[in-house]
Amino acid sequence: MATKPEYAAYVCDQLRGAGEVAARKMFGEYGLYCDGKVIGLICDNQLFIKRTEAGAALMPGCPEGEPYKGAKPCLLIEDLEDRGLMERLVRATWEELPPPKPKKPKRGKAEKQ
């Protein structure tokens, strides 16, 4: 079951105080970004936040799950109503994740031949 765009928009709205939060379509589901870093995924209308030490400390007892088969376990966020907690979770996760790898420059047609 694919995530509904309305749910992805709801997640972004709940997390908006954490920074520039955006959901981008990826393989029929959504990647969740904060200030340019991938911090989680939205799959099957469920929010998965990458597991970090700081994030796990903020969410003791939070269930973990795999957004898709073979993925690393993530925090499965079942309740997004506490905006303050969700914003702290996103910021703590963001702080612990490495910066995104620089994108390789695209090669022009002339260079490919």
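Tyr7 and Tyr10 are three residues apart in helix α1, residues 5–15, so about one helical turn separates them. Helices (H or I, at least four residues) and strands (E, at least two) are DSSP runs numbered from the N terminus. The model is a predicted one, in which local features need pLDDT of at least 70 and side-chain atom pairs count only at pLDDT 80 or more, while totals for chains, interfaces and linings use all residues. Residues are numbered from 1 along each chain as its sequence is written, and side-chain values use heavy atoms, with hydrogens and water left out.

Let me place this helix in the whole. The protein has four helices and six strands, and along the sequence they follow the pattern α-β-β-β-β-α-β-β-α-α. The C-alpha trace spans about 55 × 30 × 30 Å along its principal axes. Of the 113 residues, 40% are buried, that is, under 20% relative accessible area with a 1.4 Å probe and protein chains only; over 50% is exposed, and partly exposed lies in between. Contacts (heavy atoms within 4.5 Å) between residues at least 6 apart in sequence join, in 52% of cases, residues at least 24 apart.

I return to the tyrosines. How many aromatic pairs are there? The count comes to one aromatic pair, where ring centres, with the six-membered ring taken for Trp, must lie within 6.5 Å, and planes under 30 degrees apart count as stacked, over 60 as edge-to-face and the rest as tilted. The centres of Tyr7 and Tyr10 are 6.2 Å apart and their planes stand at 40°, so this pair is tilted. Tyr7 counts as buried because its relative accessibility is 18%, whereas Tyr10, at 30%, counts as partly exposed.

Next, helix α3. Its buried residues are Leu85, Met86, Leu89, Val90, Ala92, Thr93 and Trp94. What do these residues pack against? Their partners are α1, β2 (29–34), β3 (37–43), β4 (46–50), α2 (53–58) and β6 (74–77). The charged end of Lys37 sits 4.0 Å from the centre of the Trp94 ring, and Arg91 lies over the face of Trp94 at 4.5 Å from the ring centre.

I turn to the nonpolar cores, each a set of buried Ala, Val, Leu, Ile, Met, Phe, Trp, Tyr and Cys residues joined through side-chain atoms within 4.5 Å. The largest has 25 residues, among which Leu32, Leu47 and Ile77 touch the most other members. Two or more residues each come to this core from α1, β2, β3, β4, β6 and α3. Leaving aside residues up to four places away in sequence, Leu47 touches Tyr7, Val11, Leu32, Leu41, Ile42, Leu75, Leu76, Ile77 and Leu80. Another core, of five residues, lies apart from the largest one; its members include Leu41, Cys43, Phe48 and Cys74.

Finally, the charged pairs. The structure holds four salt bridges, each a side-chain nitrogen of Lys or Arg within 4 Å of a carboxyl oxygen of Asp or Glu. Which residues form a network of salt bridges? Asp13, Arg16 and Arg83 are linked in this way. Asp13 meets Arg16 at an N to O distance of 2.2 Å, and Asp13 meets Arg83 at 3.1 Å, again N to O.

Glu64 lies in strand β5, residues 64–65, and Arg51 in the loop between β4 and α2, so the pair ties together parts that are 13 residues apart in sequence. Glu64 is partly exposed with a relative accessible area of 41%, and Arg51 is also partly exposed, at 42% relative accessibility.

How values were computed. Lys NZ or Arg CZ within 6 Å of the ring centre and 35° of its normal.
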